[in-house]
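Subject: The two-chain model, handed over

Hi,

Here is the structure I promised to pass on to you.

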Amino acid sequence: MIRIILCDDDAIFLERMRRDIRATLKKLDVEAVIQIFTEAEMIPQKTMQECDIIFLDIDFNDKKYTGIDVARKIREARKSAIIIFLTNYIEYAPEGYEVQAFRYALKSEIDKKLPQYLRAATNRLFAEKEPFQINVSGEPITLYLEDILYIESQGHNAVIFTQNPGKKSGTQKEYKVYSTLARFEQQLSERGFLRIQKSYLVNMRRLKQYRCSEAVLDNGITLPVSEKTYSENKKKFLLWRG
Amino acid sequence: MEKIISAFWSALEMCSQLLFWKAIFQPRVQKRIYLLVVVAVWALNQLYINSTLPSELIAGLTLLLYTVASCIVNKGKWHQHILTTFIFVGFSGIFDTIFLYGASSMIGISVSDLVWRKFSYVVIVTSGKLFLLLGAWIFYRFPVFRKTQSLEGKWLFLSLLFPITSTATLLLIFNNFQDEADISVEIVFFCAVLAIANIAILYAIGLVQDSTERLKENALLSQQMEIQTDNIVALEKSYRAQRRATHEFKNQLQAISDLLALGEIDEAKKYIQTIQGQQTTRIFCVNSHHPIIDAVLNHKYQTAREHGIDVQIKVNDLSGVALETDQLVVLLSNLLDNAIEGCCRVDGERNLYCSIIADDDLLLSVRNTSQPVKIWNNTIATSKKSKINHGYGLSQVQSILGQLHAEYAFDYQDGWFTFVAEIPL
């Protein structure tokens, strides 16, 4: 079940969008709760925190705020929300990057583009929300891939370091699993993980810089890098970022 | 004593070889290891050079030893090492033959007899080796011959053919005519002609390579001009469209003002909504605060839209990007042109995602739906027909990225072609 917000000052357009989104999601076999708002200030904080995908108008008539301002609030409330801007005039600008806009859609073309954009958005959503099961001292634990920072080999164990994205300190957790790093590499290499050194498997979602001397994670942690595999790994990392 | 003299000649030959290598190749290893390998080759050379092995086998071993050593210490492909070894050994043989047969004809004895006049023989052979050293030094100082390092295909075959036949011929002469004093002058003359022909061929190959490179440069320049002209036309088009839009905007303001003056507020509202709906396409849709990047992206955005491609662009504040204008234009234009061309060959969804983000580095990424692309040896096969003006797009991008010390990668997977570059700022 996913939660979608539609926010636009045109009520008729919103109803039409809701109907089309429902029809498209039915084809994709995805269940969703769709809430519509003609004024952004009416969106409750809780709804923003739970939002998975938001279709957001950029230019609200007679309002002091723009869609970008609303997107900033959404991003604060829910880091992983997928924001799709609806607009009559597309402008790709730094503000869109700042709020990590997923797509810009022309209102005049939305009927045609909606299935494509929704498919891409749900794919992204499910990829990020993908659960990952581990076993810690006989107890099964579910982690989400986006929360994993890196996995380190320590003797006969592999230690998984996790932290919620966007938080720099205080919330890091460790899970010691009786397993080899090679086993994790086998499971995760196709899902955005990179073996940067014999003792470290890093989540590329959380990798900020990858140099021949070190790898820097988004929370500032630096890890050693193998010179031997640097060139090949760098290509993988670049293509991942692309 | 004989062994010491032989070791000295071998050392002179090794020094010549060293200069020859330095003239052609970039070193692969540190200076210390380089010298160690050279000394090792010289030492190994001593093991068999004075043995009773057939001279053909000795020559073969020398060729093998020099080639392997060249592969170890120098950068370059294996066939380039083989070519240079044959050229060197060929010239070494030519110098030896000219000096020995030249001296024997002057004295009036055969080469076999000359060998027994120890002092004369040592002086003559040493002179030959010193001349070889001088020749290697001239080669080292005269850069036109260095083009041989980049030879490929038929040029490589043609340039290998002559040194190989020369070396084989010299071996033949040396083994079969040592007792023939009366034809020494002819042999010297023949060897001199062989040497001149070898030099002339190497020089000609250098010139051909030069002219091929110039042709390539001309093609690149011509493509750059094409891109610049394209951009100027696009700018002119944008300028005209902007003027037209400004003109229309004035008329629309006038119409709204007239409606308001008449008190037709509802009509004015309706009119505003109508004209809002009409303005769905914009001439300028990218605003990264970098005029050049914006100009190229706006132009390519319009072109892509005309081909029914869904374009998504991601930029942050690029005002701090201080790359050269021509590098930026050629880089972006080529990448986006390739992406548009790739999309146009797709029957289904045509998507193009471009992202230019300045952070610690400049991350440039272009991703597009594409038919399968064959990637081989860090290049892709071009589909453009005119090879004079086209086919250099990716190599130009790679060349610019090389100049900028950027790291890059490209790949085709599941219907998508992706090119990503990380450029230091």
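Before the details, one definition: two strands count as paired if DSSP finds at least two bridges between them. Strands (E, at least two residues) and helices (H or I, at least four residues) are DSSP runs, numbered from the N terminus.

Please keep in mind that this is a predicted model, in which local features need pLDDT of at least 70, side-chain atom pairs count only at pLDDT 80 or more, and totals for chains, interfaces and linings use all residues. Residues are numbered from 1 along each chain as its sequence is written, while chains are lettered from A and ligands numbered from 1 in the order in which they are written.

Chain A

Seven helices and 15 strands make up the secondary structure of chain A. A residue is called buried if 20 or more other C-beta atoms lie within 10 Å of its own, exposed if 12 or fewer, and partly exposed in between, with C-beta atoms placed from the backbone. By that count, 29% of the 242 residues of chain A are buried. I also looked at contacts, where two residues touch if their C-beta atoms, placed from the backbone, lie within 7 Å. Of the contacts in chain A between residues at least 6 apart in sequence, 51% join residues at least 24 apart.

One open sheet of chain A has five strands with parallel pairing, in the order β2-β1-β3-β4-β5. Its edges are β2 (32-37) and β5 (101-106) of chain A; each has a single partner strand, so one side of each is left without a neighbour in the sheet. From one strand to the next, the twist averages 15°. For angles, axes are lines fitted to C-alpha atoms, for helices over the stretch in contact, and the values run from 0 to 180 degrees between N-to-C directions. Strand β4 (residues 82-87) of chain A pairs with β5(A) in the parallel sense over five bridges, and A:Thr87 has A:Leu106 in β5(A) as its bridge partner. Helix α3 (residues 67-77) of chain A packs on this sheet, where it touches β1 (2-7), β3 (53-57) and β4 of chain A, and its direction makes about 160° with that of β3(A).

The other open sheet I want to point out also belongs to chain A: five strands in the order β10-β9-β8-β12-β11, with antiparallel pairing. Here β10 (173-177) and β11 of chain A are the edge strands, each pairing on one side only. Neighbouring strands are turned by 20° against each other on average, direction ignored. Helix α6 (residues 181-188) of chain A packs on the sheet and touches β8 (148-154), β9 (157-162), β11 and β12 of chain A, with its direction at about 30° to that of β12(A).

Strand β11 (residues 193-197) of chain A is mostly covered, with five of its five residues buried. Four bridges join β11(A) to the antiparallel strand β12 (residues 200-203) of chain A, and a hairpin connects β11(A) and β12(A) through two residues. Within this pair, A:Leu194 stands opposite A:Val202, and A:Gln197 has A:Tyr200 as its bridge partner.

Chain B

Chain B has 12 helices and seven strands, and 31% of its 425 residues count as buried. The axes of helix α1 (residues 2-24) and helix α2 (residues 31-49) of chain B come within 10 Å and cross at roughly 140°. That makes α1(B) oblique to α2(B) (angles under 35 degrees count as roughly parallel, over 145 as roughly antiparallel, 65 to 115 as roughly perpendicular and the rest as oblique). Residues of α1(B) that meet α2(B) include B:Ser6, B:Met14 and B:Leu18, and those they meet include B:Val38, B:Trp42 and B:Ile49.

Cores and interface

A nonpolar core is a set of buried Ala, Val, Leu, Ile, Met, Phe, Trp, Tyr and Cys residues joined through C-beta atoms within 7 Å. The largest has 94 residues, and A:Cys7, A:Ile54, A:Leu56, A:Ile83, A:Ile84 and A:Phe85 have the most contacts inside it. Helix α11 (residues 325-344) of chain B gives the most to this core, with 10 residues. A second, separate core of 36 residues includes B:Phe20, B:Ile87, B:Ile94 and B:Ile98.

Finally, the contact between the chains takes 21 residues from chain A and 28 residues from chain B. On the side of chain A that touches chain B, α7(A) supplies the largest share, five residues.

Best wishes
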